[in-house]
Amino acid sequence: MRKYRHLTGFFILTLVALFLNGANIRRNVERSEKDPIPQGKPNYDAMFADGKLRIAVFWGWDHPRDTIMGSFPAFETLNGKRLYYQGKPILIEIGMITQINEKPKNIFKAALEDQTIDMVIYSGHARYGKGMAFESMYDIFKCGNGDLVEDRHVKPYKVFKATSEDLDATNFPKSYKIIMLNCCDSHGHFRQSWARRFRECGAPVDLMTVEFPVFNLYDHRRVLNLLRDILAFADWKTVKANYESEVHKRKNRLIIDRIRSPGEDDFAMDGAY
């Protein structure tokens with residue numbers, strides 16, 4: 001009986017190896033040939049309709065401590081303050097979540113599903129397309145495009161399928177929201193799966209993704225630039241220009257996909273190219 005178990009295990013491993021060797025492993029991230037200039041601006045009317053601007057900022061696993069601490073003064077200053085939009089006061093509420101919070105991945109999902117939260121920002125690792133990492137490098141919010149990719153964190157490289165079960169279990173509300181995935185090549189890694197899920201939920205989302213690897217030691221500057229622009233009611237062209245003005249070791253490209261309804265999504269997404 002033990003001999004047959006060994007043989008069965010051997011055949012299974014052989015089949016897995018044959019499958020992976022024969023499959024098309026994505027080793028390079030696709031990037032847009034052109035640098036699309038976004039049109040329009042965030043839907044400030046929808047964001048401020050309830051008299052609040054609620055922002056959830058998530059710093060992923062292994063994020064530099066100095067980066068996180070660098071954002072504290074601005075967040076503390078802004079939290080609880082008011083700005084005026086078309087003569088009406090808007091209360092600012094900012095929550096910051098890091099890997100030391102209890103079950104940050106669950107909080108991330110809850111923020112995505114909360115119709116009262118106007119902006120969700122993730123800044124951290126993309127785990128080679130597997131998803132956002134929170135408590136550890138293995139605590140992943142799985143939201144990949146379904147490709148076979150290499151995890152190059154350790155050698156020899158491990159091949160895995162970038163599945164999307166956590167994203168698929170997320171029910172995005174039909175209220176307007178801005179979502180920023182500030183991680184390495186998030187546009188190539190996640191744009192397809194997140195756009196699909198927005199279509200399925202009929203969620204009106206402005207999705208902000210990045211092309212090229214992100215040098216996360218200075219991520220707080222880019223996040224603070226975004227908050228400054230939103231508080232100044234800037235248009236998307238200005239938001240993109242200010243994000244890309246922060247060049248640290250390498251230049252990044254900010255892509256903004258405006259998704260309004262299942263019927264409009266294909267046009268809106270393809271229009272970026």
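**Overview. The protein chain holds nine helices and twelve strands.** Helices (H or I, at least four residues) and strands (E, at least two) are DSSP runs, numbered from the N terminus. This is a predicted model, in which local features need pLDDT of at least 70 and side-chain atom pairs count only at pLDDT 80 or more, while totals for chains, interfaces and linings use all residues. Residues are numbered from 1 along each chain as its sequence is written, and side-chain values use heavy atoms, with hydrogens and water left out. Of the 273 residues in the protein chain, 47% are buried. Here buried means under 20% relative accessible area, exposed over 50%, and partly exposed in between (1.4 Å probe, protein chains only).

**View 1. Helix H7 and its buried residues.** Have a look at the length of H7 to begin with. Its 13 residues, at 1.5 Å a residue, should span 18 Å, and the 19 Å between its end C-alpha atoms agrees with that. The expected span is 1.5 Å times one less than the number of residues. Buried residues of H7 include Asp219, His220, Arg222, Val223 and Asn225. Leu226, Leu227, Asp229 and Ile230 of H7 are buried too.

**View 2. Phe233, in the loop between H7 and H8.** Just after H7, Phe233 takes a positive phi of about 60°, in a residue other than glycine. Phe233 counts as partly exposed, at 29% relative accessibility.

**View 3. The buried face of helix H8.** In H8 (residues 236-244), the buried residues are Trp236, Val239, Lys240, Tyr243 and Glu244. Looking down the axis of H8, these buried residues fall within an arc of 120°, so they line one face of the helix. The arc is that of the directions from the helix axis to the C-beta atoms. Their cover includes strands S10 (177-182), S11 (205-211) and S12 (253-259), along with helix H7 (219-231).

**View 4. Where H7 meets H8.** The axes of the two helices come within 9 Å and cross at roughly 155°. Axes are lines fitted to C-alpha atoms, for helices over the stretch in contact, and angles run from 0 to 180 degrees between N-to-C directions. H7 and H8 are therefore roughly antiparallel to each other, a label for angles over 145 degrees. On the H7 side, Arg222, Asn225, Leu226, Arg228 and Asp229 make the contact, and on the H8 side Thr238, Val239, Asn242 and Tyr243 do.

**View 5. Ser193, a buried residue in helix H6.** Ser193 is found in H6 (residues 186-201), with a relative accessible area of 3%. Not counting residues up to four places away in sequence, Ser193 touches Cys143, Gly144, Asn145 and Leu167.

**View 6. Ala49, an exposed loop residue.** You will find Ala49 in the loop between helix H2 (44-47) and strand S2 (52-59). Its relative accessible area is 66%.

**View 7. Tyr128, with a positive phi.** Phi of Tyr128 is near 60°, in a residue other than glycine. Tyr128 sits in the loop between strand S5 (119-123) and strand S6 (131-133), and counts as partly exposed at 30% relative accessibility.

Definitions and conventions: Contact means heavy atoms within 4.5 Å. Angles under 35 degrees count as roughly parallel, over 145 as roughly antiparallel, 65 to 115 as roughly perpendicular and the rest as oblique.
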